[in-house]
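Thank you all for making time this morning.

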Amino acid sequence: MLLQTRRRFLTSFTAAGAAGFIGAPRSFGTEPPPEVTRVRLPVYPKIVDCGVPIYVAEEMLRAEGFTDIQFVTKGTNPDAWMWLADGEIDFHWEYAPELARLIAQNVPLKVLAGLHAGCLELIADRGVANVKSLKGKRVGINQLNSAVHVLVYMMAAHVGLDPARDIEWVTGPDPLELLAAGKVDAFLGAAPEPQMARARGIGHVILNSALDRPWSQYYCCMLSGNVDYVKNHPVATRRVLRALLKAVDLCVTDPQRVARLTTDNGLASNYDYALQALAELRFDKWRDFDPEDSMRFYALRLREAGKIGASPQQIIADGTDWRFLNEIKRELKM
């Protein structure tokens with residue numbers, strides 16, 4: 001049974017307080033109210049600090065006319081993205097290449113915007129110099145064919161390795177601990193894992209998606225919507241996207257408050273790690289990068305790695321909708 005909470009995660013984050021950070025509410029001409037006043041967002045099973053904007057968006061959503069804001073903490077499927085496909089949530093925050101792979105599998109979603117860049121770091125034992133050096137090495141992943149597995153597979157293929165033959169994939173619930181114990185030679189971490197590894201002096205970074213090309217030139221995580229919600233509620237979809245983009249901006253303008261609020265409510269790792277992640281991730285890039293370029297890039301990399309058969313053009317045509325983002329950019333005169 002679907003468990004939903006109506007808990008006020010951020011009780012101290014009042015409407016007045018929010019206005020102080022994102023600016024006073026502005027009129028968007030004759031834009032009608034949302035067709036529905038309910039929106040359902042996920043609370044991910046595993047804490048990832050790159051997803052904190054969702055948790056500070058409640059007052060922005062209220063300012064957009066939503067009165068029933070639900071945070072889904074457990075769906076009927078262990079994979080959070082399936083909550084979107086099953087209609088248990090309305091919007092989802094996911095790695096861009098994973099979204100391309102889901103679209104190729106005909107999962108009913110629409111990618112709406114890029115949210116940030118740079119949340120992934122490939123961390124390896126000191127004896128591993130770079131991605132090419134992973135040949136013959138052990139890479140820790142949570143499970144085969146997971147998003148993390150596919151991401152490392154794609155990165156290795158991009159530098160000329162045959163990931164199926166050149167890498168030994170070691171599964172376990174905590175790849176960071178596998179590296180610490182010497183049971184693997186590398187793993188791909190998302191915040192707070194890189195921050196934890198640095199604090200403990202475990203390994204070193206051989207690829208940082210915030211800094212290293214080509215990965216640093218594309219979105220890491222993007223926002224998608226349930227295809228029926230997007231189709232049937234276009235005004236609500238535009239308003240949700242606008243609220244979430246304001247929440248992304250808040251991560252840039254006041255990271256200390258975001259880190260404190262989410263940590264105090266158990267939605268981020270701890271204050272120091274969350275604050276580091278907010279400083280290191282590129283939340284400032286949603287205005288700069290072209291989301292279609294990101295989907296095209298990752299779809300091409302996945303196809304080259306043999307992970308999807310669909311072309312980038314098919315992925316973009318079947319699973320993206322940029323009209324809401326383009327409208328918001330026009331409103332903001334970007």
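I begin with strand 4 and strand 11 (residues 221-226), which pair in the antiparallel sense over 5 bridges, where two strands count as paired if DSSP finds at least two bridges between them. Within that pairing, phenylalanine 91 has glycine 225 of strand 11 as its bridge partner. Helices and strands here are DSSP runs, H or I of at least four residues for helices and E of at least two for strands, numbered from the N terminus.

Before going further, a word on what we are looking at. This is a predicted model, in which local features need pLDDT of at least 70 and side-chain atom pairs count only at pLDDT 80 or more, while totals for chains, interfaces and linings use all residues. Residues are numbered from 1 along each chain as its sequence is written, and side-chain values use heavy atoms, with hydrogens and water left out.

Returning to the sheet, the pairing I started with belongs to an open sheet of 3 strands with the order 4-11-5 and antiparallel pairing. Strand 4 (91-95) and strand 5 (109-116) stand at the edges with a single partner strand each, so one side of each is left without a neighbour in the sheet. From one strand to the next, the twist averages 30°. Helix 5 (residues 96-104) lies across strand 4, strand 5 and strand 11, and runs at about 110° to strand 4; angles here run from 0 to 180 degrees between N-to-C directions, with axes as lines fitted to C-alpha atoms, for helices over the stretch in contact.

Let me turn to strand 6 (residues 120-124), of which 5 of 5 residues are buried, buried meaning under 20% relative accessible area with a 1.4 Å probe and protein chains only. Leu120, Leu122 and Ala124 lie on one side and Glu121 and Ile123 on the other, so that both faces are covered. Strand 6 pairs in the antiparallel sense with strand 9 (residues 186-190) over 5 bridges, and 4 bridges join strand 6 to strand 10 (residues 204-208), again antiparallel. Glutamate 121 stands opposite glycine 189 in strand 9 and opposite asparagine 208 in strand 10.

Now to the helices. How do helix 6 and helix 14 pack? Helix 6 (residues 147-158) and helix 14 (residues 291-304) have their axes 9 Å apart, at an angle of about 80°, and are therefore roughly perpendicular to each other, a label that covers 65 to 115 degrees.

Just after helix 12, glycine 266 takes a positive phi of about 70°.

Among contacts between residues at least 6 apart in sequence, 80% join residues at least 24 apart. As for cysteines, cysteine 220 counts as buried at 4% relative accessibility and cysteine 251 at 1%, and the structure holds 0 disulfides, a disulfide being a pair of cysteine sulfur atoms within 2.5 Å.

Definitions and conventions: Buried means under 20% relative accessible area, exposed over 50%, partly exposed in between (1.4 Å probe, protein chains only). Contact means heavy atoms within 4.5 Å. Angles under 35 degrees count as roughly parallel, over 145 as roughly antiparallel, 65 to 115 as roughly perpendicular and the rest as oblique.
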